[in-house]
Every structure is written in C-alpha cells, then in structure tokens.
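Have a look at the sequence and the 3D view, and then we will walk through some of its features together.

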Amino acid sequence: MKKIIYAGLFSLLASTSASALTITNGSFETGDLATWANSNTTVTTIDAGYAATDGSYFAKITSNGLILNSQIWDEGEKLSFDWNFNTTDYMPFNDYSFLKITDILGNVIDDITLADVSSVGNYGATDWQNYVYTFAETGSGLISFGVANAGDNYVNSYLYVDNVSVAAPASLTLLGLALFGFAFSSRRKVRFTPIVLNI
Ligand SMILES: [Ca+2]
Ligand SMILES: [Ca+2]
C-alpha cells in the first residue's frame, strides 16, 4: 500500500514537471554551438575578463550576429538565461542586444531589448544579468538572442549568453514542495489519508 501511494505521488510530480520547452546545450558546455543555428558567434571560456556563469563555456555573439533555437512551448512556461551586453561602441551609435521570439510563420511574438549603448554608456557593459521570460500562449517557433549595430558597422558590441534553461513555473514548484512535504510528514506519521490521493 505504501509503495503504491508513493508511486502515485512521484508519477504526479513527474507529470506536473513535464515541459514542452526543452533546451539542449543551453549552457554551451559542449564547447560549441551544438543545437544552435548561429551567425557571428563563438563559444569561449573568457572574454574581456568575463567568465561563464554556469560551467566553463558561454556564447559570445558579435554585432549583427545571433543564435537561434527551434522550440515548442506551453502557456506559462518560463525561459531563464544569463546575459551580458558589452560594447566597445559609443553614442550616438546605439548598438543593442535583444531576445526575440517568433512563431513558425516568422511572426514576431516578442522583441525585447536587453540593453543598448545608451543604457550602459559609452564602452560600457551590464555585467551578467538573469532574465526570465514567460510564454503567454502555447506555441512553437524560434527563440533568438542577438546583438545589432546601429548607425554604422565600424565598431562592434557583444552579447554573452549562458545557462539558457527552463525555469519551473512557481505554482508547480509550490505543488512539488507541498507533495514532498506531505511525503516526508507522512513517513513520520506512517498513516496515509485518502484525501491525498485525490490531489
Ligand atoms: Ca556555460
Ligand atoms: Ca556598432
């Protein structure tokens, strides 16, 4: 009886944590851009004094370059990533970095400016930041990170990306914690109540 209940609990946990969004090599620890379509991008361990935030490697995207990943996602799923915009340019050449989500037809769902020269200042950088993007609707298409020149193409800016991953929705995290909490408390009590099986 106890085994059956625990099996039920853990299968429920497994089902609630299942994710349509699946990021492979999101931390670039293969040392290359495997799974990512890309242009003007390399994978490195250190650049301008910045090291990876997760593991050893991160992606370094150079002006007018980007990396893209084909994905499917569910409403409410969260994409987490670390990023750092580092420019060698100056105003009024307002180079900018972005996260862009497009559907399978190429329609832009979201186009988010992460940082630009005007926000970091001449020759500035944001240092590593974390961003969590929430998908408003179930869909599929491309997730793109990129950096673009503005005004001219003489001086580059860079976007570093690392630790691209699927963040658990808060509600599921709480459910998981609640279920684990029940499992531990029940172990002490030994008894199980039918109510729990109806969760
Ligand atoms: Ca990494
Ligand atoms: Ca530039």
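In this predicted model, 78% of the contacts with a separation of 6 or more are between residues 24 or more positions apart. Keep that in mind as you trace the chain: the protein has four helices and ten strands, and their order along the sequence is α-β-β-β-β-β-β-β-α-β-β-β-α-α.

How much of the protein is buried? Of its 199 residues, 25% are buried. The largest nonpolar core has 26 residues, and the ones that touch the most other members are A59, I61, L159 and V161. At least two residues of this core come from each of β4 (58-73), β5 (78-87), β6 (96-103), β7, β9 (139-148) and β10 (157-167).

Which residues is I61 in contact with, leaving aside its neighbours within four places in sequence? Among them are N40 and T41, as well as F145, G146 and V147. L159 and V161 are also contacts of I61, and we met both of them above as core residues.

**A hairpin to find**

Next, look for β6 and β7, which run antiparallel and are joined by seven bridges. These strands form a hairpin with four residues between them, where G106 has a positive phi near 90 degrees. Strand β7 covers residues 108-116 and includes V108. Opposite V108 stands T102. Beyond the residues up to four places away in sequence, V108 touches T102 and K100.

**Two residues side by side**

Is V108 buried or exposed? V108 counts as exposed because it has 10 C-beta neighbours inside 10 Å, and the cut-off for exposed is 12 or fewer. S19 sits in the loop between α1 (2-17) and β1 (37-44). With 16 C-beta neighbours inside 10 Å, S19 is therefore counted as partly exposed. Setting aside residues up to four places away in sequence, S19 touches E77 and V166.

The table gives one C-alpha pair for each of these residues.

| C-alpha pair | Separation along the chain | C-alpha distance |
|---|---|---|
| V108 and G141 | 33 residues | 9.7 Å |
| S19 and A168 | 149 residues | 8.8 Å |

To finish, find S19 and A168 in the sequence, 149 residues apart, and then look at them in the 3D view, where their C-alpha atoms are separated by 8.8 Å.

Note on methods
Residues numbered from 1 in each chain as written. Chains lettered and ligands numbered in written order. Predicted model: local features only at pLDDT ≥ 70, side-chain atom pairs only at ≥ 80, totals over all residues. Buried ≥ 20, exposed ≤ 12 C-beta atoms within 10 Å, placed from the backbone. Contact = placed C-beta atoms within 7 Å. Core = buried A, V, L, I, M, F, W, Y, C linked by C-beta atoms within 7 Å. Pairing = 2+ DSSP bridges.
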